[in-house]
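Welcome! Open your viewer, switch to a cartoon view, and follow along one stop at a time.

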Amino acid sequence: MNLFVKALTVIDSSYLCDKRGMVGESWILDVTLSGQLNEMSMVLDFGKVKSQIKRLVDQYVDHRLLIPSRSSLIKTSQTKAGYRTVDLLREDKSIHLHCPDESFCFVDTDAITIESVTEHVLQLLKGNLPSNVEGIEVTLRTENIEGAYYHYSHGLKKHDGNCQRIAHGHRSPIELIVDGQRDTAREAEFAKRWEDIYLGSDEDKVDLNTLSLSEHANVVNDDTHHGFRYTAPQGEFELAIAKSETEMLQTDTTVELLAWHIARWFAKAYLKSSHSK
């Protein structure tokens with residue numbers, strides 16, 4: 001017997017990549033369970049699927065920074081109880097963090113891909129299911145987005161849940177409507193601008209020399225990198241990331257305020273182009 005569970009949850013995380021830097025991504029999780037019927041004539045009660053599997057994924061993968069633990073460019077070290085530094089060495093675009101352990105998810109691979117994360121989730125779920133479940137298949141897939149989209153990372157220090165982590169992300173569509181019609185050209189333009197971007201808030205910005213980073217961060221400076229630090233319910237979060245891969249906002253980086261920011265940008269660009277005609 002098989003039990004198919006489509007779109008059980010969405011993993012909104014960021015990952016470190018030696019070429020792209022910090023990449024925000026959203027993966028939809030599908031699960032297939034196989035096994036003998038239990039005393040309720042089910043492979044597994046659907047409610048238990050939702051609560052048990054989703055709880056494991058939410059706790060150990062979702063809203064974490066995914067780290068390829070076998071990459072030679074990744075350096076990590078425990079600093080104090082419950083905290084560690086993580087460094088991605090990329091010359092003038094290196095990334096450095098000092099955060100609570102629960103901010104990170106280490107994946108046994110040399111590069112984060114949809115395949116390596118799928119295998120990580122599969123191994124996480126194995127052994128955590130009822131004895132009548134004999135097999136499990138895990139599928140990760142991206143939303144089918146018609147039109148432009150971008151990958152972004154951020155942190156929301158005022159959030160009660162895991163969104164407070166300074167390096168989690170999303171894959172987000174963008175739609176710009178002008179006089180009832182989509183402006184696909186400007187959608188693509190903005191998506192390119194925010195391709196693999198880190199969105200930082202002005203009030204979280206600090207001097208790099210005030211951060212408690214590892215010795216691998218000694219090569220960065222305030223000309224090349226932004227420094228961020230804030231304290232949230234889960235602890236203190238610190239990040240140094242290249243200015244060329246960051247955009248600063250005067251506000252928090254909630255979805256609502258990002259939409260407002262994009263609308264302001266578009267209004268200025270649209271008015272400028274209208275006046276030039």
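Two strands count as paired if DSSP finds at least two bridges between them. Helices (H or I, at least four residues) and strands (E, at least two) are DSSP runs, numbered from the N terminus. This is a predicted model, in which local features need pLDDT of at least 70, side-chain atom pairs count only at pLDDT 80 or more, and totals for chains, interfaces and linings use all residues. Residues are numbered from 1 along each chain as its sequence is written, and side-chain values use heavy atoms, leaving out hydrogens and water.

Begin with the open sheet of 4 strands, whose order is 10-9-13-17 with mixed pairing. At its edges lie strand 10 and strand 17 (246-249), each pairing on one side only.

**Strands 9 and 10.** Now select residues 149-154, which form strand 9; 6 bridges join strand 9 to strand 10, and the two run antiparallel. Pick Tyr-149 and you can find its bridge partner, Pro-173, in strand 10. Is strand 10 (residues 168-173) enclosed or open? Buried means under 20% relative accessible area, exposed over 50%, partly exposed in between (1.4 Å probe, protein chains only). Because 5 of its 6 residues are buried, strand 10 is largely enclosed by the rest of the structure.

**Helix 2.** Next, select residues 114-125 to see helix 2. Its buried residues include Val-117, Val-121 and Leu-125. Finally, step just past helix 2 to Gly-127, where phi is positive, at about 85°.

Definitions and conventions
The expected span of a helix is 1.5 Å times one less than its number of residues.
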